[in-house]
Amino acid sequence: MAGILGQGASLLLTSLWPTLTLASGPHGPFGQEQMPINNFEYQEACPDYTQYSTYPHRPLSEGPLALPFQRPDPRCRTFHSDAIEQVIQDVTSRMEDPDLARLFENAFPSTTDTTVKFHTTGSSNKKQPKRNPKDDGEWEGPHSFIITGDIIAEWLRDSTNQLSPYQPLAKKDPAIYNLILGAINTQSEYVIESPYCNAFQPPPISGLPISHNGQDDVVHPVYEPTSVFECKYELDSLAHFLALANDFNDHTGSKEFMTPRWYLALETLLNVLEEQSMSTFDPDTGRYRRNEYTFNRNTNTGTETLSLKGVGNPLNNGTGLVRSAFRPSDDATILGFFIPANAMIAVELKRTANILKDAGKSVLAQTVETWSQTISNGIWEHGVVRHSIFGNVFAYEVDGYGSSILMDDANYPSLLALPLIGFVSADDETYQNTRRMLLSKKSNPYYLTGSVFQGIGGPHVGLSNAWPMSLLVQAQTSDDDDEIIGCLNLVLRSSKLGLVHESIDVNILHSYTRSWFAWANGVFAETILDIAKRKPHLIFKEPATPYEI
């Protein structure tokens, strides 16, 4: 906020900050309530949630864990929906465990409370100057900028997953409808601008400042740093762009997102699939051909850049699979045919094709559906390998030459999440073989166990930390009551700040990464809603009847 009023609020907040976070009580240091200051803009008087989330706040839950209440003051929240508040009331009032109820109370609204950095319904958007006819309609209509949490940038993957718990409310609540519609429109602009990039700066219409990620990456195609925060090509980012609109259509029946800009984004996406399905060597001449996408970062961490001067390891011809340079963890792939992302894009392309058919776009629908089928066939032909103990399993990555990586990473999409993606059913034999392989320390190098925590981790954080997200996916893909409760208890005990963290040291419960990570909280909320529907007796008081939004 500009002007003397905003400056005064900021100065007053600075003077109050020590008392806002370091007050003590019978259970140790606690942040006091956020106190909006009379005659000042609330936004200027609200603590930075990056800091606010690192301290517990009263009131505490009445369970043995005494979990804090971590929602911002209502005047400090970034978005409000009565429908969200009603779901919180409906679910928590039924829950047996007050600590689990408090974690849901904090987690379910985490995205709307803290990460809607910009939203407009579009009614007063100023038309942007056009560079060429293809820019017609650029940044018009509703738009929403959803940050990942403690980083002021929007990841396509994260923002889609952060909004996922609210999709069932879109038909009931016009505010949620417009929020998600705006997010689809914003993602469309990002895909049109830089389809190979994963994280983006605030929309130009937002007036928000841009930030730098501290790297000097050399990337082709060249991107505009005022639009892009980071440009790691991850196939699942494009799959998540499709998923956001597909879920919106499923829950609302609306096709309002199918604007000329969305169609242009879809066309851009299909061009990427064409470019990234090409082999490293020309099948006719055998000559090396440079990939359209290359990425070089000056780093001593091998997972932060691509081998062979930014190209990556060779990939074979005729597999039907699509290359992904990076994983959803933002770590580089070893073998570029990353199976979870191929599975997700195949599913989402098929869903998009059905919407296109319904919209009368039969030719485009056929093109999209053909891509889906080609990729699916490629997974079953090249992405399934024979394991000496578990039989046929899905590989994590392959190259089409016969090499494969057998592991899993906590980040979604993952092999463990294939039923949630919609690629196979949870009782599929190959998936069940794969699941047993992934949930064993002997067969998954990133299945980590310790004295206080366990689960799937990944190279992104290191070899001591497992991710709560993996336990939540494990619970959602299980029909075993004991397994589900075991996963929930591990996540609950590791969430001492009343929020779900990115990762936990398996031997030191209070050693974690990221106190404010909205995606993980969204996955927790979806897990509770899934259990409330499938197995309400595990979390609800009697009579434990199923609950569904």
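Contact is taken here to mean heavy atoms within 4.5 Å, and helices (H or I, at least four residues) and strands (E, at least two) are DSSP runs numbered from the N terminus. The structure is a predicted model, in which local features need pLDDT of at least 70 and side-chain atom pairs count only at pLDDT 80 or more, while totals for chains, interfaces and linings use all residues. Residues are numbered from 1 along each chain as its sequence is written, and side-chain values use heavy atoms, with hydrogens and water left out.

In the pairing of H8 with H10, Ile-184, Ser-188, Glu-189, Val-191 and Ile-192 of H8 meet Arg-261, Trp-262, Leu-264, Ala-265 and Thr-268 of H10. By class, this contact has six nonpolar, two polar and two charged residues (Ala, Val, Leu, Ile, Met, Phe, Trp, Tyr, Cys and Pro count as nonpolar, Asp, Glu, Lys and Arg as charged, and the others, Gly among them, as polar). The axes of H8 and H10 (residues 260–276) come within 8 Å and cross at roughly 45 degrees; H8 is therefore oblique to H10. Axes are lines fitted to C-alpha atoms, for helices over the stretch in contact, and angles run from 0 to 180 degrees between N-to-C directions. Angles under 35 degrees count as roughly parallel, over 145 as roughly antiparallel, 65 to 115 as roughly perpendicular and the rest as oblique. The crossing of H8 with H10 is left-handed (the near helix is turned anticlockwise from the far one by less than a right angle; clockwise would be right-handed).

Glu-189 lies in H8 (residues 174–193) and is buried, with a relative accessible area of 5% (buried means under 20%, exposed over 50% and partly exposed in between, with a 1.4 Å probe and protein chains only). The side chain of Glu-189 reaches the backbone nitrogen of Trp-139 at 3.2 Å. Beyond neighbours within four places in sequence, Glu-189 is in contact with Gly-137, Glu-138, Trp-139, His-143 and Arg-261.

Ile-484, Leu-488 and Val-491 of H17 and Phe-524, Thr-527, Ile-528, Ile-531 and Arg-534 of H18 make the contact, which by class has six nonpolar, one polar and one charged residues.

Met-407, in the loop between strand E14 (404–405) and helix H14 (418–421), is buried, with a relative accessible area of 4%. Not counting residues up to four places away in sequence, Met-407 touches Arg-327, Tyr-396, Leu-415, Leu-438, Asn-444, Pro-445 and Tyr-446.

Methods. A polar contact is a pair of N or O atoms within 3.5 Å; within protein, one must be able to donate a hydrogen and the other to accept it, and residues adjacent in sequence count only if both atoms are side-chain atoms.
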